[in-house]
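Visitor: I have never looked at this structure before. Could you show me how to read it, one feature at a time?

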Amino acid sequence: MTPSLRSMSFIVYCLAFPLGVLGNEVVICVTGFKMKKTVHTVWFLNLAVADFLFTGFLPLNAVYLALDFHWPFGEFMCKLSSTLISLNMFASVYILMVISVDRCVSVVWPIWAQNYRSVQKASCVSLSVWIVALILSSRIFIFKSTGSSYLHDDSITSCKNLALYNDYTRPSVNQQLQAMTITFLLLGFVVPFTVIFSCYAVIIHHRRRNCTLASQSSRPFKILTAVIITFFLCLAPYHIIALTEMINDMPAHHSQTLSCIITIGAPIATSLAIFRSCLNPLLYVLVGQDCKNRVCKSILSAMETAFQEDVSDSHTESVDTRQSTEMTALNTDV
């Protein structure tokens with residue numbers, strides 16, 4: 001990594017830590033203690049907890065970067081810090097997937113959602129997401145370790161996958177790294193975002209079929225859309241670079257051009273993925289209020305407005321339920 005890219009990455013780490021910790025702490029306080037429990041607040045509370053845990057360990061990674069990839073914190077902290085990175089990515093993307101499915105069900109089957117959608121069930125689903133994310137991240141805790149790479153002298157202690165302390169050009173080592181990259185790509189990006197985009201396609205089709213105007217989009221839907229788009233834009237480059245690096249490690253596809261792309265793109269993509277963890281609180285405020293209201297109201301008030309259930313939609317849904325199922329589906333907000 002060049003000195004300029006290392007400096008850029010270090011600055012991102014230093015900015016993401018206070019913004020992420022303070023911003024997500026505010027979200028946790030608002031959704032967990034200041035507001036009435038709803039399905040919406042359960043989703044966004046868990047999303048904030050995932051980002052809070054991740055950003056809380058960023059100073060360790062910032063020191064690791066500043067010391068030219070020398071890890072002075074011991075093997076356990078190496079495993080824990082790396083596991084939290086994976087846990088954050090899996091938990092965040094699966095929570096967004098669950099939110100998208102929840103919104104899709106609410107639009108397509110509004111009466112069923114009104115009768116069976118509850119805070120208790122949302123809490124159980126969230127717990128299941130954390131268990132799945134922890135299982136998928138356990139491999140990081142097992143395979144991460146500290147040691148001296150064959151590329152460094154004994155004075156440098158790295159925090160890497162165990163395979164990287166050996167010659168990664170060996171077929172068995174290379175196959176292990178390829179398997180981990182493909183697994184992370186499929187389960188941590190391709191599968192959940194396929195579900196998310198499918199849910200959005202169903203929602204859009206339903207709205208068009210029922211002649212629902214785009215202007216009727218509710219505040220929660222706009223916030224969710226902004227969060228998902230931001231997550232995709234910040235994580236897609238990271239996975240693309242990881243896939244490119246895997247291809248470049250294959251002797252048949254190795255090229256100097258790909259090596260240059262990886263050298264420049266990897267720090268940028270990683271910094272972008274890290275900075276994503278502190279963007280959600282800003283989106284809740286910026287998308288959740290009009291510009292005038294943002295100036296006049298406090299951040300706490302803006303976040304409370306962003307997370308609350310849409311009361312007007314609930315009233316409309318109640319009236320339409322007494323009329324007919326079709327009219328309920330027409331007037332229920334996304």
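Guide: Let's begin with a cut-off: a residue counts as buried under 20% relative accessible area, as exposed over 50%, and as partly exposed in between. Keep in mind that this is a predicted model.

Visitor: Then let me try the idea out. Is F69 buried, partly exposed or exposed?

Guide: F69 has a relative accessible area of 29%, so F69 is partly exposed. You'll find F69 in the loop between α3 and α4.

Visitor: And what about D68?

Guide: D68 lies in the loop between α3 (58-66) and α4. With a relative accessibility of 40%, D68 counts as partly exposed too.

Visitor: What else can I read from that loop?

Guide: Most residues other than glycine have a negative phi. Here, phi of D68 is near 60°, a positive value in a residue other than glycine. Phi of F69 is near 60° as well, again positive and again not in a glycine.

Visitor: Can you show me a residue that is exposed?

Guide: Look at S155, in the loop between β1 (144-147) and β2 (158-161). S155 has a relative accessible area of 52%, and is therefore exposed.

Visitor: Let's step back. How do I read the chain as a whole?

Guide: Start with the secondary structure, which comes to 14 helices and two strands. Then look at burial: of the 334 residues in the chain, 46% are buried. For the surface, the chain exposes about 16500 Å², with carbon and sulfur atoms supplying 68% of it. Finally, take the contacts with a separation of 6 or more: residues 24 or more positions apart account for 73% of them.

Visitor: With helices in the picture, how do I read a pair of them?

Guide: Ask how far apart the axes are, at what angle they cross, and which residues meet. For helix α1 (residues 3-34) and helix α2 (residues 39-56), the axes come within 8 Å and cross at roughly 150°. An angle over 145 degrees counts as roughly antiparallel, and α1 and α2 are therefore roughly antiparallel to each other. The crossing of α1 past α2 is left-handed. Among the residues making the contact are F17, G20 and V21 of α1 and F44, L45 and A48 of α2. The contact residues divide into ten nonpolar, seven polar and two charged.

Visitor: How does α1 pack with α3?

Guide: Their axes are 9 Å apart, at an angle of about 165°. That makes α1 roughly antiparallel to α3. α1 passes α3 in a left-handed crossing. On the α1 side you have R6, S9, F10, Y13, A16 and F17, which meet L58, P59, N61, A62, L65 and A66 in α3. By type, the residues of this contact are nine nonpolar, two polar and one charged.

Visitor: And which way does α4 cross α6?

Guide: The crossing of α4 past α6 is right-handed. α4 and helix α6 (residues 119-143) pack at about 145°, with axes 8 Å apart. Their contact includes F76, L80 and F90 of α4, together with V125, W130 and F141 of α6. The contact residues here divide into 18 nonpolar, four polar and two charged.

Notes
Residues are numbered from 1 along each chain as its sequence is written. This is a predicted model: local features need pLDDT of at least 70, side-chain atom pairs count only at pLDDT 80 or more; totals for chains, interfaces and linings use all residues. Side-chain values use heavy atoms; hydrogens and water are left out. Axes are lines fitted to C-alpha atoms, for helices over the stretch in contact, and angles run from 0 to 180 degrees between N-to-C directions. Helices (H or I, at least four residues) and strands (E, at least two) are DSSP runs, numbered from the N terminus. Angles under 35 degrees count as roughly parallel, over 145 as roughly antiparallel, 65 to 115 as roughly perpendicular and the rest as oblique. A crossing is left-handed if the near helix is turned anticlockwise from the far one by less than a right angle, and right-handed if clockwise. Contact means heavy atoms within 4.5 Å. Ala, Val, Leu, Ile, Met, Phe, Trp, Tyr, Cys and Pro count as nonpolar, Asp, Glu, Lys and Arg as charged, and the others, Gly among them, as polar. Buried means under 20% relative accessible area, exposed over 50%, partly exposed in between (1.4 Å probe, protein chains only). Accessible areas come from the Shrake-Rupley method with a 1.4 Å probe; for residues, only the protein chains shown count as cover.
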